[in-house]
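Take a look at the sequence and the structure, then work through each task before reading its solution.

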Amino acid sequence: MTDLTQFDKIDLHLIRVLHTVLTERSVSRAAIRLGMHQPAVSAALKRLRDYAGDPLLVRSGSGMVPTVAGLRMVEPAANILRDAQRLFSDAREFAPATSRAVFRIAASDYLDPQFLPRLVKDVKENAPLSEIEIHPLTAATDYQQQLARGDVDVVIGNWLTPPLDLHMGKLFSDEVVCLVSEKHPAVRRGWDEAAWLEVDHIAPTATHMGARGVIDEHLANLGLRRHIVARCPHFGLIPGMVASTLLVLTTGRQYCERFVDELPVRILPCPVKFPPLVYYQLWHERAHTSASSRWLRDRVKAVAATLKTKTTA
């Protein structure tokens, strides 16, 4: 049986090293993330192995993988670190100028290419000692579980029907339009609903498991289906693809207008009537009363309000 006096030697720093080494699966990457020298991380890992009676991280091929015991420690270690952060930060009023909080934001890049850069700038200007982690919304993302576990603080995106079990704050709404190359035939001839459905469309890869996307979800509700021939997980690259092809991107006007002066593209009305795209931030009940989380949500809302739609010529 493990000597209970060993637990007196395990401090919060060792728990952070444990969690970082197991999630990075590399001593060198963990050292970079922790801002430590690699020998110090190796020494801490040796102590942890002695306490656990387990190697925790072992070599597999050209990389490293956690042992079974190591995997079981990842979530408890994360919980300890989150609880410690709440204990020493959210127990009192949040002071952004001196806070070392870690803000975790899951977001797509759909709403505006300027949003995330402006948000990072705003947070760092007002909370200079804080850390920011931007997490993508991908097909492998279960953002509801991430919020429930505290892996992220807020999720930012658009939904026709946001989940009812999460708190929600509306950021803004936008008109659905089409972005096409200046050489697209529809620029000269126009199009009707049937023609728009038949042209070649490009669409983003689903943002989360089971997602169809708000455009195709609305079309399905109307009994319609467009002809998607290309998908891309990197939304910021799609306008460049549109500019050099006859592909059609259907999304919010505010996003499209950021590119009309940079690329040979035009914005056309969409012949299918869509409700406005509504962008939200979502958060879990566990973060609802957190002073730091409330501050972050206020910054998200404030930055979203600065995104002005350009006036088209």
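**Exercise 1.** How do the residues of the lining of the largest cavity divide into nonpolar, polar and charged?

*Solution.* Keep in mind that you are working with a predicted model. Start with the search: across the whole structure, 2 cavities of 30 Å³ or more turn up. Next, take the largest cavity, which holds about 250 Å³ of space. Its lining is made of 18 residues, and those closest to the centre are Gln85, Arg86, Asp153, Ser290 and Ser293. Finally, sort the lining by class: 6 residues are nonpolar, 6 are polar and 6 are charged.

**Exercise 2.** Which element supplies the largest share of the lining of the largest cavity?

*Solution.* First list the elements that give at least two residues each: helix 4 (68-90), strand 3 (102-107) and helix 12 (291-305). Then look for the largest share: that belongs to helix 4, with 4 residues.

**Exercise 3.** Which residues line the second largest cavity, and to which classes do they belong?

*Solution.* Begin with the space itself, about 40 Å³ in the second largest cavity. Now name the lining: Leu160, Val176, Val214, Ile215, His218, Phe274, Pro275, Pro276 and Leu277. Then count by class: 8 of these residues are nonpolar, 1 is polar and none is charged. His counts as polar here, so His218 is the polar one.

**Exercise 4.** Which helix gives the most to the lining of the second largest cavity?

*Solution.* Go back to the second largest cavity and check its helices: helix 9 (residues 214-221) gives the most, with 3 residues.

Methods
Residues are numbered from 1 along each chain as its sequence is written. This is a predicted model: local features need pLDDT of at least 70, side-chain atom pairs count only at pLDDT 80 or more; totals for chains, interfaces and linings use all residues. Side-chain values use heavy atoms; hydrogens and water are left out. On a 1 Å grid over the protein atoms alone, a cavity is a set of points where a 1.4 Å probe fits but cannot get out, and a pocket is an open set with protein on both sides within 12 Å along at least five of seven lines; lining residues have an atom within 4 Å of a point. Grid points are joined across faces, edges and corners, and a volume is the space filled by probe spheres set on the points.
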